[in-house]
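Here is a note to read with the model open beside you. Take the points one at a time and find each residue as you go.

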Amino acid sequence: MKELVTRLQREQFKIQDLLSSLGFALRSLNNLNQFLELIPMIASRVTDASGGALVLFRPDGQVRLERLHCQSDDHCQDVKMALEAATRQVTASFSPAGSAIEIARTAMLSLDRHVHRYLGSDFQIFGTAIIVKNVERGRLYVFSREVDYAWSETRQKLVRLVADQTAVAIENEELTVALRKKERMGRELEIGAEIQLQLLPRTFPTIDGIDLAAQCRTANKVGGDYYDFIPTTYDQIRHPDVQSSALAPWSFAIGDVMGKGVPAGLIMTMLRGMLRAEVLHSFSPAKILHHLNHVMHTDLENSSRFVTLFYGEYDPKTRTLSYSNAAHNPPLLWRAATNTVTRLDTVGMLLGLDIDTHYYEEQVELQPGDTILYYTDGFTDAANSKGERMDEDNLINALKWACRNQHSAQDILAYLFEMLQRFVGHGRHTEDDVTLVVMRLKPELQLNIFSQEAPPTS
């Protein structure tokens with residue numbers, strides 16, 4: 001009796017030592033493959049079996065024998081051939097129909113049948129599931145060739161314990177991979193945001209008689225909104241601060257790439273470079289959009305991303321704005337003399353959608369005090385907690401009030417963004433990028449014919 005107790009204690013100490021080693025490996029090993037190498041060996045040793053095998057099921061339907069351990073080389077090759085034949089059989093009959101849980105369960109039940117069939121009656125086999133996030137990801141098999149070997153409840157519990165540790169290791173590895181991917185994307189977004197910030201105008205050009213303000217608020221770190229103030233001559237680029245530059249024509253552009261994030265930001269970057277090159281060739285607004293559409297069509301037609309763009313050229317000497325629109329939200333022109341708002345629009349489709357589309361242009365002469373608001377649909381599509389949209393009517397009412405009661409383009413811009421935040425709600429953010437550009441003709445000749453009034457509530 002004493003010898004039996006001593007032998008049982010040694011067995012228990014051995015099991016505890018093996019499981020302790022497995023726990024240490026789970027905490028210490030950073031390589032999942034190294035950890036999986038231990039699983040069949042420890043599972044077979046804690047149960048005094050002939051060997052163990054780890055089979056994993058992949059989402060694409062591949063069932064693979066990942067690891068095999070035999071206590072001796074006898075019949076090990078036969079076991080390997082039998083298990084590989086079973087996995088090939090399951091892979092060949094894989095059906096992707098159903099939920100992930102159902103697919104995995106069906107595949108693993110089929111694997112059990114084939115494993116028992118290929119190994120035959122010479123082996124005593126026990127298999128248990130490896131479950132990660134409620135989905136069966138594989139099987140841990142332990143087998144013995146001893147005739148009197150029995151799968152006691154204790155041995156089954158030990159195999160399940162090793163399988164559970166395996167599931168923890170697989171889940172930890174997947175979480176680590178996901179975290180690294182997220183961190184990498186975060187770094188890429190930071191780089192993209194920095195590049196985009198450098199591409200958007202950091203200062204406003206000096207244009208005779210014009211007061212400017214602009215701001216872009218991205219929904220993500222990198223957005224698809226774009227605005228620009230573009231010199232039309234090389235002299236303006238070389239000498240931006242001289243009086244002749246202020247009197248020369250300047251181009252205004254505002255656009256929106258369908259989508260958000262890095263892809264939209266890259267397309268916006270490409271658009272900016274091509275547009276600036278086109279402007280320096282002194283083409284008309286409609287011709288510029290025509291050229292851009294031709295060039296971008298090949299790049300965009302397979303990307304499911306398209307660009308809206310409003311482009312205008314302002315001549316300070318004649319106070320004339322010539323413009324063309326590629327399906328962007330028409331800018332709003334507030335007339336100081338009549339307190340009316342009109343939409344600056346022309347016929348034209350999205351850039352990159354139809355290579356044969358035609359673009360048209362219009363002209364408008366501005367007067368002192370007149371104000372143009374360029375904007376993207378992130379403003380009018382913004383929703384409050386009730387699901388109500390800001391819409392264009394509310395923007396027009398807010399613009400009228402701001403133009404009558406604010407004294408600069410920056411004040412108008414700040415008021416509109418403040419109103420948007422009140423509408424969306426404190427602590428909430430818009431789902432899309434929001435860009436506003438305010439272009440106001442300095443009202444030195446305008447009489448103060450409007451009295452102060454209360455701002456609109458919505």
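Predicted model: local features only at pLDDT ≥ 70, side-chain atom pairs only at ≥ 80, totals over all residues.

1. Look at helix H4, residues 100-119. H4 has 20 residues and reaches 28 Å from its first C-alpha to its last. That is close to the 28 Å expected at 1.5 Å a residue. The buried residues of H4 include Ile-103, Ala-104, Leu-111 and Val-115. Asp-112 and His-114 are also among the buried residues of H4. The cover over these buried residues includes S1, strand S2 (63-70), helix H3 (76-92), strand S3 (124-132) and strand S4 (135-144). After H4 comes Gly-120, with a positive phi near 80°.

2. Now turn to helix H12, residues 409-424. Its 16 residues should span 22 Å at 1.5 Å a residue, and the end C-alpha atoms are 23 Å apart, which agrees. Among the buried residues of H12 are Ile-412, Tyr-415, Phe-417, Met-419 and Phe-423. Which elements do the buried residues of H12 pack against? They are strand S5 (210-217), strand S13 (371-375), helix H10 (377-380), helix H11 (391-405) and strand S14 (434-441). Gly-425 follows H12, and its phi is positive, near 115°.

3. Next, find the largest pocket. Its volume is about 390 Å³. It is lined by 19 residues. Thr-203, Pro-205, Phe-229, Trp-250 and Arg-276 lie nearest its centre. Helix H5 (153-199), strand S6 (225-231), helix H6 (234-238) and helix H8 (261-279) each supply at least two lining residues. Which of these gives the most to the lining? It is S6, with three residues. By class, the lining has 10 nonpolar, four polar and five charged residues.

4. Check the aromatic rings. A pair of rings is described by the distance of the centres and the angle of the planes. The structure holds 10 aromatic pairs. In one, Tyr-227 and Phe-229 have ring centres 5.9 Å apart and planes at 65°, so the pair is edge-to-face. Tyr-227 and Phe-229 are both buried.

5. Compare a second pair, Phe-310 and Tyr-323. Their ring centres are 5.5 Å apart and their planes are at 25°, so this pair is stacked. Phe-310 lies in strand S8 (residues 307-315) and Tyr-323 in strand S9 (residues 320-326), so the pair ties together parts that are 13 residues apart in sequence.

6. Phe-204, Tyr-227, Phe-229, Phe-252, Phe-310, Tyr-323 and Tyr-374 form one aromatic cluster.

7. Finally, inspect two backbone angles. Most residues other than glycine have a negative phi. Asp-48 has a positive phi, near 55°. Asp-48 sits in the loop between helix H2 (32-46) and strand S1 (51-57). At 36% relative accessibility, Asp-48 counts as partly exposed. Arg-319 also has a positive phi, near 55°. Arg-319 is in the loop between S8 and S9. Its relative accessible area is 30%, so Arg-319 is partly exposed.

Methods
Residues numbered from 1 in each chain as written. Heavy atoms only, no water. Helix = DSSP H or I, 4+ residues; strand = E, 2+ residues; numbered from the N terminus. Expected span 1.5 Å × (residues − 1). Buried < 20%, exposed > 50% of the residue type's maximum accessible area, 1.4 Å probe, protein only. Contact = heavy atoms within 4.5 Å. 1 Å grid on protein atoms, 1.4 Å probe; cavity = no way out; pocket = protein on both sides within 12 Å on 5 of 7 lines; lining within 4 Å. Points joined across faces, edges and corners; volume = space filled by probe spheres on them. Nonpolar A, V, L, I, M, F, W, Y, C, P; charged D, E, K, R; others polar. Phe/Tyr/Trp six-rings, centres within 6.5 Å; stacked < 30°, edge-to-face > 60°.
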